[in-house]
Amino acid sequence: MLHIDQISKTFFPGTINERKALVDVSLRLSQGDFVTVIGSNGAGKSTLLNAVAGRYLIDSGSLTIDGQQVSKLKEYQRAKYVGRVFQDPMAGTAPDLTIEQNLSLALKRGQPRGLGAGRTKARRERFVEELKSLELGLENRLTAKVGLLSGGQRQALSLLMAGFTQPRILLLDEHTAALDPQRAALVTNLTERIVSADRLTTLMVTHNMEQALQLGNRLIMMHEGRIVFQASEEEKKHLTVPQLLAEFAKIKGASFDDRALLA
């Protein structure tokens, strides 16, 4: 479903600020794979997601989504293949639009957009049913502006919207990091439920090692733009946080920030 073949990305090449963000990264995800990505700050985790989404065009290598070569496609051209939830709860929704309008836009991802066609009785009934699954009472607030929702509610809505059209690849970029523990747990459980229900192929960046072990069937560790450790489904079942720390300790000069140890 996702084939990343030796991709590289360098920012500010040829200058004093040159930074190699990705170096010959290769990764394959089959249908239904859920890969968690950990690593230190600046390891290239978010750059990897941005490269898949098309926000950053890669310098070399190739990216294939569901058999479609997308390396040269711009971000909006990949929208029909990719769903994404960001760290900032404000980033995944339009605050001045209503919940219903946001859902209408999400439903038409990758298609010519407009609000009118999405706001039909049948679609409104679908929105109500989808929102009920969040168990946040949002099904009764279709006409409320999204900007009035809490961070946890907005992130739950963003997650629902990202999976609305069953994207070929779902990208989760530290999507619980800005939430308090209670709301983070809610969104984590919701993530597991939505991904599992639709067998969404998912790539998730997190600083939280417990979360990285709890979610998904595979795990990779990045450092200085490279994948330095991988755990298969069977290996991941037996991994512990101390073992992950031990693997990371093998990398000269590397260190996690404190958030990596948080449950």
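Now to the helix pairs. Two packed helices are described by the angle between their axes and the distance between the axes. Here are two such pairs:

| Helix pair | Angle | Axis distance |
|---|---|---|
| Helix 3 (residues 99-107) and helix 4 (residues 121-132) | about 100 degrees | 11 Å |
| Helix 5 (residues 151-162) and helix 6 (residues 181-198) | about 10 degrees | 10 Å |

Angles of 65 to 115 degrees count as roughly perpendicular, and helix 3 and helix 4 are therefore roughly perpendicular to each other. On the helix 3 side, the contact is made by Ile-99, Glu-100, Leu-103, Ser-104 and Leu-107; helix 4 brings Arg-123, Arg-124, Arg-126, Phe-127 and Leu-131. By class, the residues of this contact divide into five nonpolar, one polar and four charged.

The angle of about 10 degrees in the other pair makes helix 5 roughly parallel to helix 6. Gly-152, Gln-155, Ala-156, Leu-159 and Leu-160 in helix 5 meet Arg-183, Leu-186, Val-187, Leu-190, Thr-191 and Ile-194 in helix 6. This contact has seven nonpolar, three polar and one charged residues.

Asp-66, in the loop between strand 4 and strand 5, has a phi near 50 degrees, a positive value in a residue other than glycine. Asp-66 counts as partly exposed, because its relative accessibility is 40%. Arg-199 lies in the loop between helix 6 and strand 8 (202-205), and its phi is likewise positive, near 50 degrees. With 48% relative accessibility, Arg-199 counts as partly exposed.

Finally, a word on confidence. The chain averages a pLDDT of 86, and 91% of the residues score at least 70. Over residues 258-263, pLDDT stays under 50, and the model has 14 contacts beyond four places in sequence for that stretch. Where pLDDT is low, the predicted coordinates should not be read in detail.

Definitions and conventions: Residues numbered from 1 in each chain as written. Predicted model: local features only at pLDDT ≥ 70, side-chain atom pairs only at ≥ 80, totals over all residues. Heavy atoms only, no water. Axes fitted to C-alpha atoms, helices over the stretch in contact; angles between N-to-C directions. Helix = DSSP H or I, 4+ residues; strand = E, 2+ residues; numbered from the N terminus. Parallel < 35°, antiparallel > 145°, perpendicular 65-115°, else oblique. Contact = heavy atoms within 4.5 Å. Nonpolar A, V, L, I, M, F, W, Y, C, P; charged D, E, K, R; others polar. pLDDT = per-residue confidence, 0-100. Buried < 20%, exposed > 50% of the residue type's maximum accessible area, 1.4 Å probe, protein only.
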